Amino acid sequence: MCTYSTEKLGLDKSSGKGPEGWFPLRTATVYYDHPVHAPDEHTVNIDFLNPERGPGARVAVELSLDSARELLAALQVTVERAAHH
């Protein structure tokens with residue numbers, strides 16, 4: 001594995017949905033590396049986890065750089081709008 005950049009953060013009051021339904025999320029790891037499934041050579045990957053619940057409590061995302069930029073912009077707009085409600 002040749003992860004180029006990794007950011008890890010704790011999550012509060014967050015949920016993810018996996019094969020067994022909804023579960024609380026505890027951490028998110030964002031990194032740039034080789035994907036497992038996406039067709040690009042490198043992707044921005046996000047792993048949402050709840051380590052206390054084992055390996056099944058994981059939501060994994062692999063995004064192209066363009067998709068990651070678009071998601072980042074959409075998150076920024078949504079968070080700014082939500083701050084005014």
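Visitor: What does the accessible surface of the protein chain come to?
Guide: About 6,400 Å². Carbon and sulfur atoms hold 57% of that surface. Such areas come from the Shrake-Rupley method with a 1.4 Å probe, and for residues only the protein chains shown count as cover.

Visitor: What kind of model is this?
Guide: This is a predicted model: local features need pLDDT of at least 70, side-chain atom pairs count only at pLDDT 80 or more, and totals for chains, interfaces and linings use all residues. Residues are numbered from 1 along each chain as its sequence is written, and side-chain values use heavy atoms, with hydrogens and water left out.

Visitor: How many helices and strands does the chain have?
Guide: One helix and four strands. Along the sequence the pattern reads β-β-β-β-α. Both kinds are DSSP runs, numbered from the N terminus: helices are H or I with at least four residues, strands are E with at least two.

Visitor: In what order do the strands sit in the sheet?
Guide: β1-β2-β3-β4, in an open sheet with antiparallel pairing. β1 (5-18) and β4 (58-63) are the edge strands; each has a single partner, so one side of each has no neighbour in the sheet. From one strand to the next, the twist averages 20°.

Visitor: What holds paired strands together in general?
Guide: Backbone hydrogen bonds, in either a parallel or an antiparallel arrangement. Here, two strands count as paired if DSSP finds at least two bridges between them.

Visitor: How many bridges join β1 to β2?
Guide: 11, and the two strands run antiparallel. They form a hairpin with two residues between them. Seven bridges join β2 to β3, and six link β3 (residues 43-49) to β4.

Visitor: Which residue stands opposite Glu 7?
Guide: Val 30, in β2. Val 30 also stands opposite Ile 46 in β3. Further on, Asp 47 has Ala 60 of β4 as its bridge partner.

Visitor: Which strands does helix α1 touch?
Guide: Helix α1 (residues 65-83) packs on the sheet and touches β2 (21-33), β3 and β4. Contact means heavy atoms within 4.5 Å. The direction of α1 makes about 115° with that of β4. Axes are lines fitted to C-alpha atoms, for helices over the stretch in contact, and angles run from 0 to 180 degrees between N-to-C directions.

Visitor: New topic. Where is Leu 49?
Guide: In strand β3. Leu 49 is partly exposed, because its relative accessibility is 24%. The cut-offs: buried is under 20% relative accessible area, exposed is over 50%, and partly exposed lies in between (1.4 Å probe, protein chains only).

Visitor: What is Leu 49 in contact with?
Guide: Leave aside neighbours within four places in sequence, and the contacts are Leu 25, Arg 26, Thr 27, Ala 57 and Arg 58. Pro 24 is 25 residues away from Leu 49 in sequence, yet 8.4 Å away in space, C-alpha to C-alpha.

Visitor: And Lys 13, buried or exposed?
Guide: Exposed, because its relative accessible area is 80%. Lys 13 lies in strand β1. Its phi is positive, about 55°, although Lys 13 is not a glycine. Most residues other than glycine have a negative phi.
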